[in-house]
Amino acid sequence: MRSSGMFLYSAALSFVVAGSSLGVTAAHAADKISIMVGGYENQIYLPAKLAESLGYFKDEGLDIELLNEPAGVDAENEMLAGAVQGVVGFYDHCIDLQGKGKFVESVVQFSQAPGEVELVSAKHPEIKSPADFKGKSLGVTGLGSSTNFLTQYLAVKSGLKLGEFTSVPVGAGQTFIAAMQQDAIQAGMTTEPTVSRLLKTGEAKVLIDMRTMDGTRAALGGTYPAASLYMQESWVTDHKEEVQKLANAFVKTLHFINTHSAAEIADKMPKDFYVGDKEGYVKALENGKAMFTADGVMPEDGPKTVLAVLSEFSKNVQGKSIDLSKTYTTEFVKNAK
């Protein structure tokens with residue numbers, strides 16, 4: 001009996017230990033925060049990979065998983081489905097989603113300009129302004145993406161109707177380049193380092209440049225907050241400690257960007273991001289580095305500009321009462337350590 005009792009005790013103890021181990025594993029898994037980036041090789045989203053490379057997530061005790069998704073609209077859908085907790089993408093999705101009754105907010109604002117360029121294929125010199133988009137196929141990262149929003153705005157602002165041109169989802173990087181080479185698109189919106197690659201080969205020219213503040217104001221009428229970390233408002237409310245740690249990491253990253261040269265920043269990035277041309281990557285970063293905010297704070301006049309842009313063409317926003325104060329928060333970046 002005693003031997004049998006000891007066996008039962010040992011079995012029970014093993015069960016408890018095993019259950020305890022499972023509990024630790026489950027807790028660890030629950031602690032992981034997944035963030036989907038709308039193309040993390042794109043320089044506009046550089047803070048995500050840079051924060052990881054600098055070890056700032058680990059410094060905050062965070063277990064962050066960065067996932068890559070070339071189209072921001074798909075990243076947004078993954079977050080709404082609960083597959084990821086946050087998205088590094090354009091702030092304009094926060095406004096667009098509120099128009100659909102979903103509350104999402106930017107918790108760290110990475111940039112104050114889109115960093116996007118409308119490129120025209122060298123095969124189509126007849127395209128001299130967005131008014132010439134009529135009948136053309138225009139490259140965007142994805143339908144419903146921020147590049148699509150901006151393309152529609154530029155066209156409508158120039159007097160075209162939405163049905164008079166075609167938005168073609170071609171992603172970024174090599175897929176965008178191939179689409180232009182094959183004449184599947186005659187013009188398109190993309191970012192660095194894709195822009196510099198096409199300019200270097202002479203296969204495209206710049207039509208509209210929104211990599212700088214001046215270019216952004218000329219094209220869009222004001223400061224245009226773009227790249228950001230945005231999350232569902234409900235998740236932020238329930239996980240304030242984690243969000244604060246994320247803000248701490250990203251504000252430190254933005255400070256690094258603003259206090260280091262483009263070459264020093266590039267040295268911290270994965271080598272495959274250079275696409276075989278580190279010099280070109282550094283030069284592109286030098287030209288676009290000013291788009292990043294110094295502290296992650298939303299530019300005061302930015303949300304109104306974004307709403308005005310979306311209101312020109314988006315049925316999700318037109319006629320809706322949008323509360324801009326619920327599309328972003330500065331609580332965490334202003335408390336960042």
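Trainee: What does D209 count as, at 25% relative accessibility?

Mentor: At 25% relative accessibility, D209 counts as partly exposed, a term for values between the two limits of buried (under 20% relative accessible area) and exposed (over 50%), computed with a 1.4 Å probe on protein chains only. Before going further, keep in mind that this is a predicted model, in which local features need pLDDT of at least 70 and side-chain atom pairs count only at pLDDT 80 or more, while totals for chains, interfaces and linings use all residues. Residues are numbered from 1 along each chain as its sequence is written, and side-chain values use heavy atoms, with hydrogens and water left out.

The side chain of D209 meets that of R211 in a salt bridge, with N and O 2.8 Å apart; the term stands for a side-chain nitrogen of Lys or Arg within 4 Å of a carboxyl oxygen of Asp or Glu. R211, with a relative accessible area of 12%, is buried, and D209 and R211 belong, together with E192, to a network of salt bridges. By this rule, the count comes to 13 salt bridges.

Another of these pairs is K49 with E52, whose closest N and O atoms are 2.9 Å apart. K49 and E52 are three residues apart in helix α2 (residues 46-53), so about one helical turn separates them; helices here are DSSP runs of H or I with at least four residues, numbered from the N terminus. K49 counts as buried at 14%, whereas E52, at 34%, counts as partly exposed.

A further salt bridge joins the side chains of D267 and K278, at 2.4 Å from N to O. This pair links distant parts of the chain, since D267 lies in the loop between α12 (262-266) and α13 (278-288) and K278 in helix α13, 11 residues apart. D267 is partly exposed at 48%, and K278 counts as partly exposed at 35%.

Finally, look at D96 in helix α5 (residues 92-98), which counts as buried at 2% relative accessibility. Its side chain makes a polar contact of 2.9 Å with the side chain of N316, a polar contact being a pair of N or O atoms within 3.5 Å where, within protein, one must be able to donate a hydrogen and the other to accept it, and where residues adjacent in sequence count only if both atoms are side-chain atoms. A polar contact of 3.4 Å joins the side chains of D96 and K100.

Notes: Helix = DSSP H or I, 4+ residues; strand = E, 2+ residues; numbered from the N terminus.
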